[in-house]
Amino acid sequence: MRHTTLRQLFAVLAVSAAALPAVAQQTERPPRPEFLSAMGLLETDRAEITDAISDLDVDQPFALEVPRAEGVVVQEDPGPARLFAVNFLTEDGAFIESLSITGAQIEAEDEDGRQFALANLLVLRSFPALRDVFPDAEILAFGPAEFEGFDAVQMVGRFTEPQAGEILFRHVGLMKPDGTDALVAISNIRPAMMPVANDDQFADTYSGWTLGTLEFLDPGPDAQTEDAPEDGTDTD
(Lines give C-alpha, C1' and ligand atoms only; values in the text may rest on other atoms or scores of the structure.)
Protein backbone atom coordinates (compact mmCIF):
# COMPACT_ATOMS: atom_id res chain seq x y z
CA MET A 1 0.00 0.00 0.00
CA ARG A 2 1.14 3.60 -0.60
CA HIS A 3 2.16 5.64 2.39
CA THR A 4 1.82 9.40 2.74
CA THR A 5 5.23 10.91 2.06
CA LEU A 6 6.73 13.52 4.35
CA ARG A 7 6.44 16.13 1.59
CA GLN A 8 2.72 15.35 1.23
CA LEU A 9 2.26 15.48 4.98
CA PHE A 10 3.91 18.87 5.37
CA ALA A 11 1.88 20.26 2.50
CA VAL A 12 -1.25 19.17 4.34
CA LEU A 13 -0.04 20.86 7.53
CA ALA A 14 0.41 24.16 5.71
CA VAL A 15 -2.79 23.96 3.67
CA SER A 16 -4.83 23.05 6.75
CA ALA A 17 -3.86 26.37 8.28
CA ALA A 18 -4.05 28.40 5.11
CA ALA A 19 -7.47 27.27 3.92
CA LEU A 20 -9.58 28.69 6.72
CA PRO A 21 -13.09 29.57 5.55
CA ALA A 22 -13.92 33.21 4.94
CA VAL A 23 -15.14 34.86 8.13
CA ALA A 24 -18.66 36.19 8.25
CA GLN A 25 -19.82 38.91 10.60
CA GLN A 26 -19.24 38.36 14.30
CA THR A 27 -21.93 36.12 15.79
CA GLU A 28 -22.76 34.72 19.18
CA ARG A 29 -20.40 32.07 20.50
CA PRO A 30 -21.70 28.51 20.13
CA PRO A 31 -22.24 26.43 23.27
CA ARG A 32 -19.57 23.90 24.19
CA PRO A 33 -20.16 20.25 23.28
CA GLU A 34 -19.89 18.95 26.86
CA PHE A 35 -22.67 21.31 27.96
CA LEU A 36 -24.83 20.24 25.04
CA SER A 37 -24.14 16.58 25.78
CA ALA A 38 -25.13 17.02 29.42
CA MET A 39 -28.37 18.65 28.27
CA GLY A 40 -29.08 15.84 25.81
CA LEU A 41 -28.80 18.27 22.89
CA LEU A 42 -25.65 16.91 21.22
CA GLU A 43 -25.89 14.40 18.42
CA THR A 44 -23.01 12.63 16.69
CA ASP A 45 -22.37 11.07 13.30
CA ARG A 46 -19.94 8.17 13.07
CA ALA A 47 -17.25 8.53 10.41
CA GLU A 48 -15.29 5.41 9.48
CA ILE A 49 -12.18 6.08 7.41
CA THR A 50 -11.25 3.00 5.37
CA ASP A 51 -9.98 2.15 1.91
CA ALA A 52 -13.58 1.57 0.89
CA ILE A 53 -14.56 5.24 1.32
CA SER A 54 -11.27 7.10 0.84
CA ASP A 55 -9.53 8.07 -2.39
CA LEU A 56 -6.26 7.44 -0.52
CA ASP A 57 -4.84 4.17 0.71
CA VAL A 58 -5.68 3.96 4.40
CA ASP A 59 -2.96 1.92 6.09
CA GLN A 60 -4.75 2.01 9.44
CA PRO A 61 -8.55 2.37 9.30
CA PHE A 62 -10.04 4.51 12.05
CA ALA A 63 -13.34 5.91 13.23
CA LEU A 64 -14.51 9.14 14.84
CA GLU A 65 -17.75 10.52 16.27
CA VAL A 66 -18.43 13.95 14.80
CA PRO A 67 -20.68 16.15 16.98
CA ARG A 68 -23.70 17.98 15.60
CA ALA A 69 -25.68 20.68 17.34
CA GLU A 70 -28.24 23.34 16.49
CA GLY A 71 -26.45 26.42 15.25
CA VAL A 72 -23.22 24.56 14.38
CA VAL A 73 -22.65 23.52 10.76
CA VAL A 74 -20.27 20.64 9.98
CA GLN A 75 -18.64 21.16 6.59
CA GLU A 76 -16.45 18.52 4.97
CA ASP A 77 -13.14 19.93 3.79
CA PRO A 78 -11.35 17.43 1.53
CA GLY A 79 -7.81 18.13 0.40
CA PRO A 80 -4.57 16.48 -0.76
CA ALA A 81 -3.53 13.56 1.48
CA ARG A 82 -6.23 14.32 4.04
CA LEU A 83 -7.83 11.19 5.40
CA PHE A 84 -10.45 13.22 7.26
CA ALA A 85 -11.18 16.95 7.40
CA VAL A 86 -14.09 19.06 8.61
CA ASN A 87 -14.80 22.68 9.45
CA PHE A 88 -17.18 23.73 12.19
CA LEU A 89 -19.04 26.92 11.28
CA THR A 90 -21.92 28.99 12.57
CA GLU A 91 -25.11 28.99 10.52
CA ASP A 92 -24.10 32.29 8.90
CA GLY A 93 -20.69 30.93 7.92
CA ALA A 94 -18.45 32.25 10.69
CA PHE A 95 -15.44 30.01 11.31
CA ILE A 96 -15.35 28.30 14.71
CA GLU A 97 -12.69 25.62 14.29
CA SER A 98 -11.44 22.84 12.05
CA LEU A 99 -9.93 19.37 12.26
CA SER A 100 -7.93 17.49 9.66
CA ILE A 101 -6.13 14.16 9.94
CA THR A 102 -3.41 12.61 7.83
CA GLY A 103 -1.32 9.46 8.18
CA ALA A 104 2.37 8.71 8.56
CA GLN A 105 4.66 5.76 9.25
CA ILE A 106 6.98 5.71 12.25
CA GLU A 107 9.43 2.93 13.15
CA ALA A 108 10.10 2.82 16.89
CA GLU A 109 10.51 -0.02 19.38
CA ASP A 110 9.34 1.52 22.67
CA GLU A 111 7.22 4.33 24.09
CA ASP A 112 10.14 6.73 24.46
CA GLY A 113 11.17 6.12 20.87
CA ARG A 114 7.62 6.62 19.59
CA GLN A 115 7.16 9.85 21.49
CA PHE A 116 10.55 11.13 20.36
CA ALA A 117 9.71 10.37 16.73
CA LEU A 118 6.28 12.01 17.03
CA ALA A 119 7.88 15.05 18.71
CA ASN A 120 10.38 15.42 15.87
CA LEU A 121 7.58 15.17 13.34
CA LEU A 122 5.64 17.99 14.98
CA VAL A 123 8.40 20.38 16.07
CA LEU A 124 10.96 19.93 13.30
CA ARG A 125 8.58 19.42 10.40
CA SER A 126 4.99 20.55 10.92
CA PHE A 127 5.80 23.79 12.73
CA PRO A 128 8.25 25.07 10.08
CA ALA A 129 5.65 24.21 7.41
CA LEU A 130 3.06 26.23 9.32
CA ARG A 131 5.44 29.14 9.79
CA ASP A 132 6.12 29.25 6.05
CA VAL A 133 2.47 30.28 5.66
CA PHE A 134 2.06 32.31 8.86
CA PRO A 135 5.41 33.88 9.87
CA ASP A 136 4.08 35.02 13.25
CA ALA A 137 3.23 31.46 14.32
CA GLU A 138 4.62 30.56 17.73
CA ILE A 139 4.61 27.48 19.94
CA LEU A 140 3.07 28.03 23.38
CA ALA A 141 3.24 24.51 24.78
CA PHE A 142 4.59 21.11 23.83
CA GLY A 143 4.67 17.66 25.42
CA PRO A 144 2.92 14.32 25.90
CA ALA A 145 -0.85 14.25 25.49
CA GLU A 146 -3.39 11.94 27.07
CA PHE A 147 -5.42 9.86 24.63
CA GLU A 148 -6.50 6.53 26.06
CA GLY A 149 -4.84 3.62 24.28
CA PHE A 150 -2.43 5.79 22.27
CA ASP A 151 1.06 7.16 22.58
CA ALA A 152 0.53 10.85 21.86
CA VAL A 153 2.43 14.13 21.70
CA GLN A 154 0.91 17.55 21.13
CA MET A 155 2.11 20.97 20.08
CA VAL A 156 -0.02 24.02 20.85
CA GLY A 157 0.47 27.54 19.61
CA ARG A 158 -1.06 30.47 17.80
CA PHE A 159 -0.87 32.50 14.62
CA THR A 160 -2.80 35.36 13.05
CA GLU A 161 -5.07 34.79 10.07
CA PRO A 162 -5.86 38.01 8.16
CA GLN A 163 -9.65 37.55 8.22
CA ALA A 164 -10.24 35.41 11.31
CA GLY A 165 -7.71 37.10 13.59
CA GLU A 166 -5.96 35.03 16.25
CA ILE A 167 -6.06 31.27 15.67
CA LEU A 168 -4.95 28.65 18.16
CA PHE A 169 -3.42 25.57 16.62
CA ARG A 170 -3.08 22.12 18.12
CA HIS A 171 -1.09 19.44 16.30
CA VAL A 172 -1.33 15.96 17.84
CA GLY A 173 0.68 12.93 16.79
CA LEU A 174 -0.85 9.61 17.81
CA MET A 175 0.06 5.96 17.36
CA LYS A 176 -0.69 2.60 18.93
CA PRO A 177 2.05 1.02 21.09
CA ASP A 178 2.10 -2.13 18.94
CA GLY A 179 2.24 -0.63 15.46
CA THR A 180 3.99 1.71 13.06
CA ASP A 181 0.90 3.55 11.77
CA ALA A 182 0.63 7.10 13.08
CA LEU A 183 -1.95 9.84 12.64
CA VAL A 184 -1.34 13.58 12.75
CA ALA A 185 -4.41 15.58 13.79
CA ILE A 186 -4.41 19.32 13.12
CA SER A 187 -6.91 21.59 14.88
CA ASN A 188 -7.30 25.29 14.17
CA ILE A 189 -9.52 27.05 16.70
CA ARG A 190 -10.76 30.63 16.65
CA PRO A 191 -10.69 31.69 20.33
CA ALA A 192 -13.06 34.60 19.68
CA MET A 193 -15.69 31.92 19.05
CA MET A 194 -14.38 29.04 21.18
CA PRO A 195 -12.10 30.23 24.03
CA VAL A 196 -9.37 27.81 25.10
CA ALA A 197 -7.10 28.27 28.10
CA ASN A 198 -6.04 24.72 29.03
CA ASP A 199 -6.11 21.06 27.97
CA ASP A 200 -9.57 20.51 29.44
CA GLN A 201 -10.96 23.28 27.29
CA PHE A 202 -9.16 21.90 24.23
CA ALA A 203 -11.00 18.63 24.84
CA ASP A 204 -14.27 20.58 25.12
CA THR A 205 -14.11 22.04 21.62
CA TYR A 206 -15.79 20.48 18.60
CA SER A 207 -12.48 19.37 17.12
CA GLY A 208 -11.25 18.16 20.52
CA TRP A 209 -14.47 16.26 21.16
CA THR A 210 -14.14 14.60 17.77
CA LEU A 211 -10.51 13.63 18.28
CA GLY A 212 -11.29 12.27 21.73
CA THR A 213 -13.50 9.60 20.15
CA LEU A 214 -10.73 8.28 17.86
CA GLU A 215 -10.47 4.52 17.60
CA PHE A 216 -8.42 2.31 15.31
CA LEU A 217 -10.41 -0.29 13.41
CA ASP A 218 -9.39 -3.82 12.49
CA PRO A 219 -7.62 -3.56 9.11
CA GLY A 220 -9.23 -6.86 8.09
CA PRO A 221 -7.76 -10.14 6.90
CA ASP A 222 -6.61 -8.78 3.54
CA ALA A 223 -4.66 -5.80 4.91
CA GLN A 224 -1.25 -7.49 4.76
CA THR A 225 -1.65 -9.53 1.60
CA GLU A 226 -0.08 -6.92 -0.65
CA ASP A 227 3.16 -6.90 1.34
CA ALA A 228 3.16 -10.57 2.30
CA PRO A 229 6.29 -12.52 1.19
CA GLU A 230 5.90 -15.22 -1.38
CA ASP A 231 6.28 -18.73 0.01
CA GLY A 232 7.50 -20.21 -3.24
CA THR A 233 4.66 -22.70 -3.45
CA ASP A 234 3.77 -23.69 -7.00
CA THR A 235 0.00 -23.80 -7.32
CA ASP A 236 -0.03 -24.90 -10.95
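Which residues lie nearest the centre of the largest pocket? Let me take that one carefully, after two remarks on the model. What we have here is a predicted model, in which local features need pLDDT of at least 70 and side-chain atom pairs count only at pLDDT 80 or more, while totals for chains, interfaces and linings use all residues. Residues are numbered from 1 along each chain as its sequence is written, and side-chain values use heavy atoms, with hydrogens and water left out.

To the question, then: of the 21 residues that line the largest pocket, Ile49, Glu76, Leu83, Phe84 and Ala85 lie nearest its centre. A pocket here is defined on a 1 Å grid over the protein atoms alone, as an open set of points where a 1.4 Å probe fits, with protein on both sides within 12 Å along at least five of seven lines, and a lining residue has an atom within 4 Å of a point. The volume of this pocket is about 480 Å³, volume being the space filled by probe spheres set on the points, with grid points joined across faces, edges and corners.

By class, the lining divides into twelve nonpolar, two polar and seven charged residues, where Ala, Val, Leu, Ile, Met, Phe, Trp, Tyr, Cys and Pro count as nonpolar, Asp, Glu, Lys and Arg as charged, and the others, Gly among them, as polar. Strands E1 (43–49), E3 (72–76) and E4 (84–90) each supply at least two lining residues, and the largest share, five residues, comes from E1. Helices (H or I, at least four residues) and strands (E, at least two) are DSSP runs, numbered from the N terminus.

The second largest pocket holds about 310 Å³ of space. Of its 15 lining residues, Glu146, Phe147, Arg170, Asp199 and Ala203 are the closest to the centre, and the elements giving two or more residues to this lining are helix H4 (199–203) and helix H5 (206–211). Its lining has seven nonpolar, three polar and five charged residues.

Now back to strand E1, which belongs to an open sheet of three strands, with the order E1-E2-E10 and antiparallel pairing. E1 and strand E10 (215–216) stand at the edges, each with a single partner strand, so one side of each is left without a neighbour in the sheet. E1 and E2 pair in the antiparallel sense over seven bridges, two strands being paired if DSSP finds at least two bridges between them.

Within that pairing, Ile49 stands opposite Phe62 in E2. Is Phe62 buried or exposed? Phe62 counts as buried, because its relative accessibility is 0%, the cut-offs being under 20% relative accessible area for buried, over 50% for exposed and partly exposed in between (1.4 Å probe, protein chains only). Leaving aside neighbours within four places in sequence, Phe62 is in contact (heavy atoms within 4.5 Å) with residues including Ile49, Leu83, Phe84, Leu214 and Phe216. Phe62 and Leu214 are 152 residues apart in sequence, yet their C-alpha atoms are 7.0 Å apart in space.

Val66 also lies in strand E2 (residues 62–68), and Val66 is buried, with a relative accessible area of 7%. Not counting residues up to four places away in sequence, Val66 touches Asp45, Val74, Phe84 and Phe88, among others, and the C-alpha atoms of Val66 and Asp45, 21 residues apart along the chain, are separated by 5.1 Å.
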